Amino acid sequence: MDELAGMARAYAESQDFVSLLAHELRTRLKVTERALASACEEGVDTALENTRTVQELVETLLELARGPAGELADAGLAVRHVLEDLRADLAFLEAEVVAGKLPVVALPQGLLQTVLRNLIANALEAGASTVEVFARSDSTICVCDDGPGVRVEKATRIFGVYSDKFGGAGLGLTLCREILRRRGGDLWLELPSTFVFHIT
């Protein structure tokens, strides 16, 4: 009975993820369409940015669809790549990311970078000035920040379809959790502002 309940829950979560993904892609395409219709430099820049976002999302999904391949990723190296990508944002926001010694985990490097990029970028968008990335003794990886955090009443909805925090579908957190769960891991929030994940 428990196994059937677990299968039903997994199916429902999978359906929610597909619905969320379709919503995000539709939103991005609509923004791109409006931007191109404006026929101005700013509109073209917006269209290009959204196109890159959709391309990255598609590449992540293709990597996810390939299934487990026994690949290993260096989390420390992944953080360094993410910080390079976010260098301009960090400078503009006068924020810093502090990373401790991180483990090697059973996940393709690109997917691990997607998870870490989303978690760090979310912290910055939420108003953090300092983000810490560190590993615990049980090999879980934590992304903790000094931002305002998530209120208790919203904690149960943080992985839902809609996010009040960023004015969008909130795809980042849901995608990260889906990536990790498909590799036997998980992602959760420890209030007020520490996201923790592991990969078995």
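Contact here means heavy atoms within 4.5 Å. By that criterion, and leaving aside neighbours within four places in sequence, Gly184 is in contact with His198 and Thr200. The model is a predicted one, in which local features need pLDDT of at least 70, side-chain atom pairs count only at pLDDT 80 or more, and totals for chains, interfaces and linings use all residues. Residues are numbered from 1 along each chain as its sequence is written, and side-chain values use heavy atoms, with hydrogens and water left out.

**Overall make-up**

- The protein chain contains seven helices and seven strands, taken as DSSP runs (helices H or I, at least four residues; strands E, at least two) and numbered from the N terminus.
- Along the sequence these elements follow the pattern α-α-β-α-α-β-β-α-β-β-α-α-β-β.
- Of the 200 residues in the protein chain, 40% are buried; buried means under 20% relative accessible area, exposed over 50%, and partly exposed in between, with a 1.4 Å probe and protein chains only.
- The chain exposes about 11,500 Å², and carbon and sulfur atoms supply 54% of that area; accessible areas come from the Shrake-Rupley method with a 1.4 Å probe, and for residues only the protein chains shown count as cover.
- Among contacts in the protein chain with a separation of 6 or more, 63% are between residues 24 or more positions apart.

**The five-stranded sheet**

- Five strands form an open sheet with mixed pairing, in the order β2-β4-β5-β7-β6; two strands pair if DSSP finds at least two bridges between them.
- β2 (96–99) and β6 (186–190) are the edge strands, each with a single partner strand, so one side of each has no neighbour in the sheet.
- The twist from one strand to the next averages 15°; axes are lines fitted to C-alpha atoms, for helices over the stretch in contact, and angles run from 0 to 180 degrees between N-to-C directions.
- β2 and β4 (residues 130–135) run parallel and are joined by four bridges, with Val98 opposite Glu132 in β4.
- β5 and β7 run antiparallel, also with four bridges, and Cys144 stands opposite Thr194 in β7.
- Five bridges join β6 to β7, again antiparallel; here Trp188 stands opposite Val196 in β7.
- Strand β7 (residues 194–198) is mostly covered, with four of its five residues buried.

**Helix α3 and its packing**

- In helix α3 (residues 75–85), the buried residues are Ala75, Gly76, Ala78, Val79 and Val82.
- Viewed down the α3 axis, these buried residues fall within an arc of 155°, so they line one face of the helix; the arc is that of the directions from the helix axis to the C-beta atoms.
- An α-helix has 3.6 residues a turn, so residues three or four places apart point the same way.
- The partners against which the buried residues of α3 pack are β1 (73–74), β2, α5 (109–125), β4 and β5 (141–145).
- Asp74 caps the N-terminal end of α3, with a side-chain oxygen 2.9 Å from the backbone nitrogen of Gly76.

**The loop between β4 and β5**

- Thr140 lies in this loop and counts as buried, at 5% relative accessibility.
- The side chains of Thr140 and Asp138 make a polar contact (2.7 Å); such a contact is a pair of N or O atoms within 3.5 Å, and within protein one must be able to donate a hydrogen and the other to accept it, while residues adjacent in sequence count only if both atoms are side-chain atoms.
- Beyond its neighbours within four places in sequence, Thr140 is in contact with Phe134, Ala135, Trp188, Val196, Phe197 and His198.
- Ser139, found in the loop between β4 and β5, is partly exposed, with a relative accessible area of 46%.

**Other loops and backbone geometry**

- Gly184 sits in the loop between α7 (171–181) and β6 and counts as partly exposed, at 38% relative accessibility.
- The C-alpha atoms of Gly184 and Ala106 are separated by 9.7 Å, although these residues are 78 residues apart along the chain.
- β6 and β7 form a hairpin with three residues between them; Pro192 is in this loop, and a cis peptide bond joins Leu191 and Pro192, with omega about 5°.
- Most residues other than glycine have a negative phi, and most peptide bonds are trans.
- Phi is positive at Glu94, near 55°, and at Ser139, near 75°.
- Glu94 is in the loop between α4 (87–93) and β2, and at 70% relative accessibility Glu94 counts as exposed.
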